[in-house]
Amino acid sequence: MKELQERIVQDGKVLSASVLKVDAFLNHQVDPQLTMKIGQRFAELFAGEKITKVVTIEASGIHFAMATSFALGVPFIYAKKKKAVTLTEEVYSAPVHSFTRQETYQISVSRQYLSKEDRILIVDDFLATGAALVGLTNIVKDAGAHLVGVGAVIEKSFQEGRGLLEQAGVRIESLARIESMSPEGIHFIEEEPAHV
């Protein structure tokens, strides 16, 4: 997605060879027009998959899941990082290690919102180590639902996340795939255009 790549170059900050800060437009201050275009693009990429729900993890994936679910006309669910007192029913849960926060937490989704009849698209802001997305795929699997695929807004292709998901047979669609990055510049993997 060319517009996304341009914004990453223009407004993103490379803090190290593995840390990219995009809080000026994606995950602290949010550009709503770009977010809705991202959701529309995921809906196009997964068109025809009969998706019934979009799943993400709080907090940075919520607006992308909402934009995608809006474009698809289906509900979205976000896995909670801490169990609320109002979450009294049974839950599906999985441990997730956060690279950026350097902590492990238990994510959970109420069992009443996922079933074996569901066709799930997982959407998140980053695919890097894959920990959050693997945790979400485990929850979908535990529910007996069908995982259609994963949509990542930004993928750091030099980290192991894609490989972990591909080994599990998961379809991955990333809108901006970063091959390498440094304070001197960001290099993207250019996708081959789909043949019609």
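## An exposed glycine to start

Glycine 169 counts as exposed because its relative accessibility is 65%. On this scale, buried means under 20% relative accessible area, exposed means over 50%, and partly exposed covers what lies in between, computed with a 1.4 Å probe on protein chains only. Glycine 169 sits in the loop between α5 (161–167) and β9 (172–182). Helices (H or I, at least four residues) and strands (E, at least two) are DSSP runs, numbered from the N terminus. Glycine 149 is 20 residues away from glycine 169 in sequence, and their C-alpha atoms lie 9.2 Å apart in space.

A word on the ground rules: this is a predicted model, in which local features need pLDDT of at least 70 and side-chain atom pairs count only at pLDDT 80 or more, while totals for chains, interfaces and linings use all residues. Residues are numbered from 1 along each chain as its sequence is written, and side-chain values use heavy atoms, with hydrogens and water left out.

## Helix α1 and its two sides

Let us turn to α1. This helix spans residues 2–11, and its Leu4, Gln5, Arg7 and Ile8 are buried. Viewed down the axis of α1, the buried residues fall within an arc of 165 degrees, so they line one face of the helix; the arc is taken from the directions that lead from the helix axis to the C-beta atoms. As background, an α-helix has 3.6 residues a turn, so residues three or four places apart point the same way. Lys2, Val9 and Gln10 are exposed on the other side of α1.

What do the buried residues of α1 pack against? Their partners are β2 (20–21), α2 (32–45), β8 (146–156), β9 and β10 (185–188). Contact here means heavy atoms within 4.5 Å.

## The six-stranded sheet

The strands β4-β3-β7-β8-β9-β10, in that order, make up an open sheet of six with mixed pairing. β4 (76–79) and β10 are the edge strands; each has a single partner strand, so one side of each is left without a neighbour in the sheet. Neighbouring strands are turned by 25 degrees against each other on average, direction ignored. Two strands pair if DSSP finds at least two bridges between them. Six bridges link β8 and β9 in the parallel sense, and glutamate 155 has arginine 177 in β9 as its bridge partner.

Two helices pack on this sheet. α2 touches β7 (119–127), β8 and β9, and its direction makes about 120 degrees with that of β9. α3 (residues 62–72) touches β3 (53–57), β4, β7 and β8, and its direction makes about 175 degrees with that of β3. For these angles, axes are lines fitted to C-alpha atoms, for helices over the stretch in contact, and values run from 0 to 180 degrees between N-to-C directions.

## Strand β3 under cover

Is β3 mostly covered or open? Covered: five of its five residues are buried. Lys53, Val55 and Ile57 point one way from β3, whereas Val54 and Thr56 point the other way. β3 runs parallel to β7, joined by three bridges, and valine 55 stands opposite isoleucine 122 in β7. β3 also runs parallel to β4, here with four bridges, and valine 54 stands opposite phenylalanine 76 in β4.

## Two nonpolar cores

A nonpolar core is a set of buried Ala, Val, Leu, Ile, Met, Phe, Trp, Tyr and Cys residues joined through side-chain atoms within 4.5 Å. The largest one has 28 residues, of which Leu4, Ile8, Leu20, Leu26, Ile38 and Ile154 touch the most other members. At least two residues of this core come from each of α1, α2, α3, β7, β8, β9 and β10. β9 gives the most, with four residues. Another core, of 26 residues, lies apart from it and has Ala94, Val140, Leu165 and Val170 among its members.

Valine 22 lies in the loop between β2 and α2 and counts as buried because its relative accessibility is 2%. Leaving out residues up to four places away in sequence, valine 22 touches Gly12, Asn27, Phe126 and Ile154.

Threonine 137 belongs to helix α4 (residues 131–142) and, at 12% relative accessibility, counts as buried. Beyond four places in sequence, threonine 137 touches Ile122, Leu147, Leu165 and Val170.
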